Amino acid sequence: MKWICVLGFAFSLFLCLDSFAQSSNTRILAGRVIDVWDEPLAGANVYVRGDAGYGTSTDGNGYFSLELPEKGDVLIEISFLGMQSEIISYTGQKEVTVILEEDSNMMEGAVVTGKQNINDLDIRSKSGVITTVDVKRLQDKPMVDMSVALQGTAPGLVVTNKGDLGTKPEIRIRGNSSFREGDVANEPLFVLDGQVISSDAFMTLNPLDIADIKILKDAVACALYGTKAANGVIEITSVRGTTGEALVTYNFNAGITTRGRRGVLMMDTDEKLELERLLRNPTAPGYLYSEEYIRETNPGAANIDELVAEGQAKLNELRKTNTDWFKELLRNDFYQRHNLSVRGGNSKTSYYASANYSYQGGQIPGNDVRRFTGRISLDQAVGRIGYVSISVNGGYSKANSPNGSTYSPTSLIYDLNPYESKTSGELWSYPNRTYDDLFYQFEKVSTEKRFGTTASINLQPLKGLDVDAVVGLDMVLSESQEFTPSTSYEEQQNGAEEIERGKLVKSKNVMANITYNIRVTWNRVFGKHDITLGANTDYYMDDVDNMSITGYGVGLLNSASAINQSIEGSRKVSTANLKEKTAQVGIGALAGYSFDGTYDVFGTYKADASSILPKDKRWNAAWAVGAGWNIKSYFQDWNPISALRLKASYGRTASLAGISPALAVATFQYLDDSYGDRRILELMSLYNDSLKPEQTISTEAGISLGFWNRFSLDVGWYNRVTEDALLDVPVPSSNGFTSMMRNIGVLSNSGIEAAVSATLLDMDETRLNLRFSIAYNENKVLDLYDGDKLYTSEYSLVPDYEVGKAYDIIYGPISNGIDPMTGFPTFRKADGSEIPATGKLEKEDMVALGHGVPPYSGTINLSFTYRNLEFDADFYYVFGGIKAYSYSYVRDVDDANKNAVKGQVENMWFKKGDQNKIYNSPFTQTASLENLTLYPNSRSVGSSDYLRLSMLSLRYRFSERLLKKAGNFFKYGNIAFQASNLFTLTRYKESDPESGSLVGAQQPIYTISLSLSF
Amino acid sequence: MKKHIISIMVLLPLTVGCLDIKLENQFSDPDAITTVDTARELLASAYNSLPRYQVELAVLSDDFCPTRFANYYAEMQNLYNWQDNAITDLSDLIWKDYYMTVSYLNTLLTRLPNVVIEEESDAVELEKVRSEACALKACCYFDLLRFYAPRYAPENLEKDAIILKNRLELDFLPRSSLKACVEEISTLLSEAASVENTGTAVYYFGSDAVNALRAEFELYRGNYGKAVEYGLPLLSDLETRLADTEYENLWTENESQERIFAPYIFDSFYIELNYDREQGDYFCLSDQVTYEDGDVRKDWCEYAGPQSGVRSFGKYNRMYYDNTEVRYINTLRYSGVCFTVAEAYARDNQPGEAVSLMNRYLSARSCEPLDETLSGDELINAILKEKQKEFVGEGTRYFDLKRLDIPLQRYNAAGSVSSTVAADSYKWLLPIPQSEYRYNENITAEHQNPGWAYEITE
């Protein structure tokens, strides 16, 4: 806690300084700059006309605070790229809201940067559902991982952390649109400045380079991207240059990462030794040295008392140690980020360049992520008719992990005994091994080298006619090297000869995306009629090239060149290769019409041809229609209701996500094996020649309401139906294959998303904003083409998919607890009678225990501004779901030598008559408790609801005066305390309700940040 | 300007032609299997996928008995004790694996007509590929028949046997009758035999292998004359093929004249028997299989492993102890043909021929010859006893026990009888897997083998 005090002290110091500085008669104007859609304009210039000494720019939320000369009325100019500048006269008012309109006159040479996201048409936002992420809040979160930081930034966008630091999280917009699980079929499309990028590339972006992130949810918003966008789109716009003097900003962020939540409290030495005595397994010292064991094994020994005393002495020796392995194995580490950027330009040319370095240390030694990114963008006016923009970005990131597929040191927290220590020699929990034999067993380094470039041209050759084109390339080179040294326990024990020990797996994977998109848009206003017509053609190419090598005999050298190539047999060096290139060509048309700014109608059609499917099935379509009704326009002057707008849309998109040629036509591939002197050409899968793409049909309706410009409410309802949904379903095994990809049915995701935002306080120097959002998603199987139930395994008791039911339900029997007589768990049969542990469960005995995916999620955002002080906090919550407990830390007789959960002595059944126990008898083989191991039951699942304080930021903006005192060198500056994942409140009994793993919790990070512009 | 734009918009869709992307390491129909080489490589996938259940079948038979470590391998021990669950689990795997090979063969056989023949040698090679594919398919069907169909007897001919599948595409097929299956195998074998395929590597199914399989198949269905007819020509140079060094080479990476068909293997084989190299195996040789001193087979079937008091199993298991790689799985051997022909003679009332053939074999193995006066069941039992000694641990015995109605005793680690599997036990017919009766509407309760569960949820 010490450092919190230190931070607190540092802040109070700054506050004092500030109030001291403000004690003279300075006047301050606070305000906000927004556009006509109520979207904040970040980075708008606000300055006193004719006196550049008084100026500032708006923050990410469009807010500014401007210090003014002590006396006199002045004119204040507010300017923003692509917007008409606004001049207001200052007469001492404390606050102002400035609405900037788009500069329709850009032909006359006003500065507009090029627009690279050329699918980002204004007209689509009038009827489509597009949520803008508050990028400033995203930037305030000290987290190295961009995609995890995206959690809670938009209702309906669900980001779930899946493991330790550096692991890609699961990102979904409005749930899974397919029966198929996994990213390939359900991940949204990522578009950076008009260029499709992979989710891996997105993960490594520098948040400070991002100006804007839009989440496109419904068919109207997504249809411009065609069949690639069936799962929604995340559209990212990067920061570009400005007009005016070059502004150099240095941003520094440093702090500590901590261990995080301790989910399961393990035993201390006394309890553990007592448990061992009760479990009666002599591989554990608590029984081996116990009096009863010694007496039992040495009947009639003359020196029995001596032996007993010896045992007691050994136990007493063990009692001297009491290691808390959670503290011992997990660590506090560091977080730091340096970011340097330059932006500037004139009316013809503007530029932006940045460089960034970030480091985040994970909870386990050996787990960390470091990243270096750079970005340059340039916008150049082309005569009077348009702009050319070029941006280049690159990055290098490296993640280390000690967790391998067969080996995880993090699980040791739950295995090592409290009476063991790092230096205690041979371990009871791992016989024949010492602590050092457990560590340095495995090493994995993964690096990602990213390079992307985008060139675009935006022309307006004739009034009302826009021609836009963008071409881009995104490449990610992912490399990983996994090394198991010859000295590792695994290598020592597996029987390989000395010279064949030491394993190395090295892989390289190059992903390249090439995009081009050419769009022509024509817009004309005739009186009250506003007509837009457009057409485009685009091309997306994806190329994945993977090469890996697995070899042995490297000894202690972590290098592929150390592989012993003379080894034959199962440890022979082997290579694997995957190369898959797919492309898609599309043409699209759109039409929009607005009447009097009140009614909007928009329609779009896009046909895409993909190389994935055979020629006759190649073309697939995506189309959508939408309408908007701005009711507010009927009572423009009635203030209580400041906004009222209705939207509705309907669309249909084919989706090829997760389909590969091998699924639709007989496809063969060489194995990295041989048969005698021949290569082996193997059929890849049981193909389905009648395979069709999934069809996603979305319907959407929404309302936006505003009251007195202080409260706003957005509510949207959606229903997304997926027809011809694909799933790898089991087939009779006499077909030689056990499964086949088939179009099996219809599913739906429907839900409601709501956001309320309120300005609770809006006084001279104080503003308080509160935003609350909630999203509810319900999934359901609407139809199955073969019957009304589908079992994905021939052994499952409960169908995995059943018409009319949700498909994320976890089923299991109701537990009646532990039978006091047998010590076995018993379950409730459907007719109310009792099933013993060894009895057979029937389908009827299974009940729905709850949703595996929490249906509700949302955020609470709080912003408080007082003078130059800003306070922001974000909470993220999910509820309504359950997760099964692993219970791997409850020990039975066989693993008595590993540490156990605190309270097991109390809560375990040991002898006949033990009442109200939680854990079943330890004296049994798990095979006889199939019911317990195969299915979760009502007592082995817990609610996965949680509330997390995901971000906290307290920022102080240096006042003009303070900056002047510093020699007029700095233009702006601020200092902040920022923290992420501070705490998680949950009823879930294991460590992490989000990832469900004992060790995958997001770690808290506390930092101090300093940002200076000059 | 507008003109240009329109022409761009019109031209671009024409680039759709660029969507015919050939994948670098994947080959799709219709041009995937068009050369003899690719056909041969596809056949290699079928060879490579041949199921390997030698350990499990040996454990099910009376070749082995449990050691004190058997407790540590519950599944294998349950299998030894013929527990329903264990047999059901094994049956699922066997069914799936054999049909996987069948599906690869169907894929190949239906694509052979598309293979382009450029030279005469291509045509010859293509015929060999076809012959081998037919023989392998017959081999799979024959094994499946012996697992899932009732014993070959006139009263069983119309009973359900196995599913006959002739194409790769998804099917929901019923079980065919035993008669239909036997006919299908017979057809496949004659098709295979119609091609001269000699001098190929031992891991390909050549003409000798086809004839060996035919002999075994004819013995199975009681055509003893045919069995002799197909088998006898293979035994002309039996003495050279059964020489001591050839026998020893069976259990090495070296070539051996005794092999007829031995699939090539790249990964590990027969490692399931071993508990720990330092401590011993889960199962050891049963007392039923003993060797006289001087018997050539003794050295390679018994192994002085780390476990005292038991006779550890040698062969592949010994290779595992010795860290010798297994490259060939000795599936068809000339000694096997010898037993097939001898049994066919004996059953065909030619005991003299049977005994003299057996004695040729026994002398090659340095064993006492059989009494020349032996005949009838005594002779057959003597042949079977030697056959078990020859093929111990290789799974052959399981099929003989089943074919000949021999009951089976199960022992515990202490050596006393723990249970008995009667000759008429329902367990001799493996259960049709759950994946069939859950997902195939043509396999209903009446199609499950008698005695086995047919549990389906709706």
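1. The model is a predicted one, in which local features need pLDDT of at least 70 and side-chain atom pairs count only at pLDDT 80 or more, while totals for chains, interfaces and linings use all residues. Residues are numbered from 1 along each chain as its sequence is written, and chains are lettered from A, with ligands numbered from 1, in the order in which they are written.

2. The contact between the chains takes 60 residues from chain A and 60 residues from chain B, where two residues are in contact if their C-beta atoms, placed from the backbone, lie within 7 Å. On the side of chain A that touches chain B, the elements that give two or more residues include β22 (503-526), β23 (529-552), β24 (574-595) and β25 (599-610); helices and strands here are DSSP runs, numbered from the N terminus, with at least four residues (H or I) for a helix and at least two (E) for a strand. It is β24(A) that gives the most to this side, with nine residues.

3. The residues on that side of chain A divide into 30 nonpolar, 17 polar and 13 charged. In this count Ala, Val, Leu, Ile, Met, Phe, Trp, Tyr, Cys and Pro are nonpolar, Asp, Glu, Lys and Arg are charged, and the others, Gly among them, are polar.

4. An open sheet of three strands, with antiparallel pairing, has the order β29(A)-β28(A)-β1(B), and two strands pair if DSSP finds at least two bridges between them. Its edge strands, each pairing on one side only, are β29 (678-683) of chain A and β1 (26-28) of chain B. β28(A) and β1(B) are joined by three bridges, and A:F668 stands opposite B:F27.

5. Within chain A, five bridges join β28, residues 667-675, to β29, with A:E682 as the bridge partner of A:Q669. Helix α2 of chain B, residues 36-48, lies across β28 and β29 of chain A and runs at about 80° to β29(A), where axes are lines fitted to C-alpha atoms, for helices over the stretch in contact, and angles run from 0 to 180 degrees between N-to-C directions.

6. β24(A) and β25(A) pair in the antiparallel sense over twelve bridges, and A:Y593 has A:V601 as its bridge partner. The two strands form a hairpin with three residues between them, and A:D596 in the turn has a positive phi of about 60°. β25(A) is also joined to β26(A), residues 619-630, by eleven bridges in an antiparallel arrangement, with A:Y599 opposite A:W629.

7. In chain B, helix α6 (residues 120-148) and helix α8 (residues 207-220) pack at an angle of about 30°, with their axes 11 Å apart. The two helices are therefore roughly parallel to each other, a description that covers angles under 35 degrees, whereas those over 145 count as roughly antiparallel, 65 to 115 as roughly perpendicular and the rest as oblique.

8. Which residues of α6(B) and α8(B) meet? B:A135, B:A138, B:C139 and B:F142 in α6(B) meet B:A209, B:V210, B:L213 and B:F217 in α8(B), and the residues of this contact divide into eight nonpolar, no polar and no charged.
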